[in-house]
Amino acid sequence: ALSTGATPLVGGTNTPLHKTDFSGATPASSAVPTPNILATPLRTPLSHTSGSTPVRDQLHINRDEMEIEEKFRTASQAKELDSMFTALPKPKMKYNFVLPDEIVEDEIAKKIVEDQAEIEARQREEEKLAKERLFRSCSSVLQRDLPRCNLIPKPPTTVTTPEEMIQAELCSIISHDQFHYPCKSLKGAPSKKPNFDILPDYCLDQARELVEQELQVILGEENLTEDILTEKFTLAWKEAHDMSEVLFSPTSKKFVDAKTMKKEEKLAALEAQFEFIRGRVTKEANKAKKLETKINVYNAGYEAKCKTLQREIGQIYLDYELARTELNCFIPLQEKEKFSIQRRVGELNKLVQIQNDREQVLQKRYETLT
């Protein structure tokens with residue numbers, strides 16, 4: 001049992017050992033003799049050396065004394081542990097804080113890792129502000145959503161006179177607008193970014209104030225009001241855009257007054273205008289044909305369903321008209337039948353009465369014969 005049993009380090013219950021007796025060949029008897037009451041002491045003396053129960057206390061005679069001894073031992077251990085704790089040194093509630101002399105915010109900011117969502121939000125905000133600044137730098141025509149020009153004027157070769165300076169600035173503004181906000185109808189758009197100086201806001205405000213002051217001075221000198229000026233501008237605009245007396249000259253590539261043109265030039269201008277209109281009509285017709293084909297593809301099922309429903313509705317309407325005609329025919333027939341039914345019923349009643357009378361006569365005659 002000792003060789004096959006586990007070591008006490010494993011834990012658990014050890015292999016029980018039985019008492020052996022090699023005094024004889026036969027096993028010794030394990031019967032316990034009856035104790036002699038006179039020879040056995042009444043009390044088992046307390047053991048102060050160990051906390052184990054004496055061997056003679058197998059019948060649990062001294063249970064109360066054992067509990068008293070266990071309580072005494074527990075109390076003595078607690079008192080000893082308390083004296084050991086009191087002998088320990090008392091803690092000192094003193095703390096020393098050491099702070100740096102200066103807190104560098106840049107170093108702290110570098111150590112903090114910025115979130116990706118915050119980075120993207122900041123980039124979107126920067127892009128939005130950049131677009132707003134770019135839009136404010138464009139012309140008032142683009143900002144107010146007014147009609148834009150179809151051609152970029154040619155820049156002047158020299159910039160010496162005020163008219164040439166205005167022409168050059170106009171070309172620069174139109175090219176800048178077309179480069180950042182392209183218009184499909186505009187021809188001759190720049191392929192690279194034009195040279196355009198973006199002025200600060202206060203310079204533009206000063207320019208607007210100067211223009212307004214100059215306008216008020218001109219209105220005061222000419223004795224004009226804004227309504228009169230607007231009316232004159234409207235008339236001038238209509239005269240300038242009146243196409244009844246203006247023709248497009250294909251040779252000079254511009255609109256010319258028809259009164260100043262020769263007969264051959266007028267004929268060539270009208271032919272060019274006719275070809276332009278015919279090409280425009282052909283283009284619109286092709287576009288309409290493509291749209292019609294696309295609509296037919298999209299609405300083919302609806303059109304087939306519509307035709308089927310139209311046929312069904314037409315057939316139902318024909319059946320309704322036929323039934324209505326038959327009803328109109330049968331209504332007067334019903335009135336006539338009502339009148340004739342009364343007459344027929346009266347005649348039939350008379351015939352029935354005659355037949356009843358005849359039957360009674362025959363019955364009486366048969367009775368007399370029998």
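Select E347 and R343 in helix α8 (residues 263–369): they are separated by about one helical turn because they stand four residues apart in that helix. Helices here are DSSP runs of H or I with at least four residues, numbered from the N terminus. The side chains of E347 and R343 meet in a salt bridge at 3.3 Å, N to O, a term for a side-chain nitrogen of Lys or Arg within 4 Å of a carboxyl oxygen of Asp or Glu. E347 is partly exposed at 41% relative accessible area, and R343 is partly exposed at 46%; buried means under 20%, exposed over 50% and partly exposed in between, with a 1.4 Å probe and protein chains only.

This is a predicted model, in which local features need pLDDT of at least 70 and side-chain atom pairs count only at pLDDT 80 or more, while totals for chains, interfaces and linings use all residues. Residues are numbered from 1 along each chain as its sequence is written, and side-chain values use heavy atoms, with hydrogens and water left out.

Next, select R344 and E337, whose side chains form a salt bridge at 3.9 Å, N to O. R344 is partly exposed at 44% relative accessibility, as is E337 at 32%.

Move to helix α6 (residues 201–222), where D205 and R208 lie three residues apart and therefore about one helical turn from each other. Their side chains, D205 and R208, meet in a salt bridge at 3.1 Å, N to O. D205 is partly exposed at 40%, whereas R208 is exposed at 52%. The structure holds seven salt bridges.

Finally, select D227 in helix α7, which is exposed at 65% relative accessibility.

Terms used: Helix = DSSP H or I, 4+ residues; strand = E, 2+ residues; numbered from the N terminus.
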